[in-house]
Amino acid sequence: MNPRLHRRLTPLYIAAFLQAFNLWYAVEKLFMQRIGFDEATIALAITLFTIVTLLVETPSGILADRWSRKGVLVLASCALIICSLACGLSDSVPMYTVSLLFIGIYFALYSGTYEAIVYDTLVEETGKGTGFEHYYGKLQMISGVALVSGSLLSGTISHFFGLQVVYFLTIPFTLLSIVALIKFREPRLHKARVAVSFHRQIRATFKTVSQVGSVRWLVLAMILLTVGTSLLFEFNQLWYIALAFPVIILGFSNALVQSCIGIGGYIASKIRQTPLAISGIGSILLGSAFLLTIPISGLVVTGQVILQSCLIALTIIVAKRLHDTIPSTNRAGVISAVSTLSKLSFAPIALAFGLVSRETTIFQAGWIVVGLVVLLLPLLYKIFGIALYQLHENFAK
């Protein structure tokens, strides 16, 4: 480990922890149902804030490239503070839905920015991007610890003091994340070249995203990975509500799923990108996805944890390959553009997921997740050069 690089990234790690230490994620869907939401209206609210995210995301990424990436993260913290306060004060479906739009702005500002900062800091300190999986994986692990801690505390606090309290208790931690971000020394590689016009930078960003060849497969894989992780993060509590989990157990189960960010980061930092490893993860993905269609508590939670951990690990691994193809001047903008495409894909799928859940069961809706994994596997094999005969040899071993 590079001590100087570690010291430089420490304020960023602290900021990531404080932004992720959210006490209301774990009980949000239960609170929404208490004020009048059902599965379909939950899906509609998620779709609306997804639309806000995709409208803001690419412009915010380009802003980060042209202005300041840590400045954009400070704005993200401000949006999360507004969202926490407004949602906590909500007592109706329309009011909560409008308040939730600020979380869309938060995700838009947050999206791709940490990745770009870590990669450019690594290049600025060492001259190359080698080790990105380790350092960004570590940031993901720290965020995962924060989400798990918040979820565990959330269930207990909500049980004794009510669901609204956790929204307000999240605010001071988010304020502290701004202090940590201010102390972080931002890399300047994206400022190294002479500034071009905003219009030309937009064109360069989308030209990079639309490249043919390996970039196209990387973008498609990132879209499917993002849609899969988003479905699990946004709807995982509906499985618990259907299985009648108590509030405390709800917080514990959600904590397990949130821990997948850290687990996935650890896997990404350790795994070798060999055909055997990737094909093994692909098999695990498919097997765990099927568990979401079985109405048994232990199997559902196990399936969610394994599936989400693998999806996040693959997201980091594929993101590293994508970063290797992107110039620093367009890095945050390109990643935000890819995320925007992911949100465009996620919105109709989320609506369909909510409608299927309401008209049938959440376990029937689980087949949508299985379908996404089935579509993802051929892309992974294409990206990592895995042929069918290699799969046969791997499993024979």
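**Figure 1. F132 and Y136 sit about one helical turn apart, being 4 residues apart in helix α7 (residues 132-161).** Helices here are DSSP runs of H or I with at least four residues, strands are runs of E with at least two, and numbering goes from the N terminus. Everything in these views comes from a predicted model, where local features need pLDDT of at least 70 and side-chain atom pairs count only at pLDDT 80 or more, while totals for chains, interfaces and linings use all residues. Residues are numbered from 1 along each chain as its sequence is written, and side-chain values use heavy atoms, with hydrogens and water left out. Rings of Phe, Tyr and Trp (its six-membered ring) pair if their centres lie within 6.5 Å; planes under 30 degrees apart are stacked, over 60 edge-to-face, and the rest tilted. That rule gives 18 aromatic pairs. F132 and Y136 make a stacked one, with 5.3 Å between centres and 10° between planes. F132 and Y136 are both buried, that is, under 20% relative accessible area, with exposed being over 50% and partly exposed in between (1.4 Å probe, protein chains only).

**Figure 2. W239 and F353 form a tilted aromatic pair, 5.8 Å from centre to centre with 55° between the planes.** This one links distant parts of the chain: W239 belongs to helix α10 (residues 214-242) and F353 to helix α14 (residues 331-359), 114 residues apart. Both W239 and F353 are buried.

**Figure 3. Ring pairs join Y96 into a cluster with W24, Y25, F31, F37 and Y167.** Leaving out neighbours within four places in sequence, Y96 has contacts (heavy atoms within 4.5 Å) that include W24, F31, F37, C87 and Y167. Y96 is also one of the residues, along with L12, F235 and L285, that touch the most other members of the largest nonpolar core, which has 113 residues. The biggest contributor to this core is α10, with 15 residues. For the record, a nonpolar core is a set of buried Ala, Val, Leu, Ile, Met, Phe, Trp, Tyr and Cys residues joined through side-chain atoms within 4.5 Å.

**Figure 4. Helix α8 (residues 165-183) has buried residues including Y167, T170, I171, T174 and I178.** The buried residues of α8 pack against α1 (3-20), α2 (28-34), α4 (69-89), α5 (93-110), α6 (113-126) and α7.

**Figure 5. E125 forms a salt bridge with R4, the closest N and O atoms being 3.1 Å apart.** Since E125 lies in helix α6 and R4 in helix α1, the pair ties together parts 121 residues apart in sequence. A salt bridge means a side-chain nitrogen of Lys or Arg within 4 Å of a carboxyl oxygen of Asp or Glu. R4 is exposed at 53% relative accessibility, whereas E125 is buried at 18%. E125 meets R8 in a salt bridge too, at 2.8 Å from N to O. R8 is in helix α1 and E125 in helix α6, 117 residues apart. R8 is buried, with 8% relative accessibility.

**Figure 6. K29 and E234 meet in a salt bridge, 3.8 Å from N to O.** Here K29 in helix α2 is linked to E234 in helix α10, 205 residues away. Both ends are buried: K29 has a relative accessible area of 2%, and E234 has 14%.
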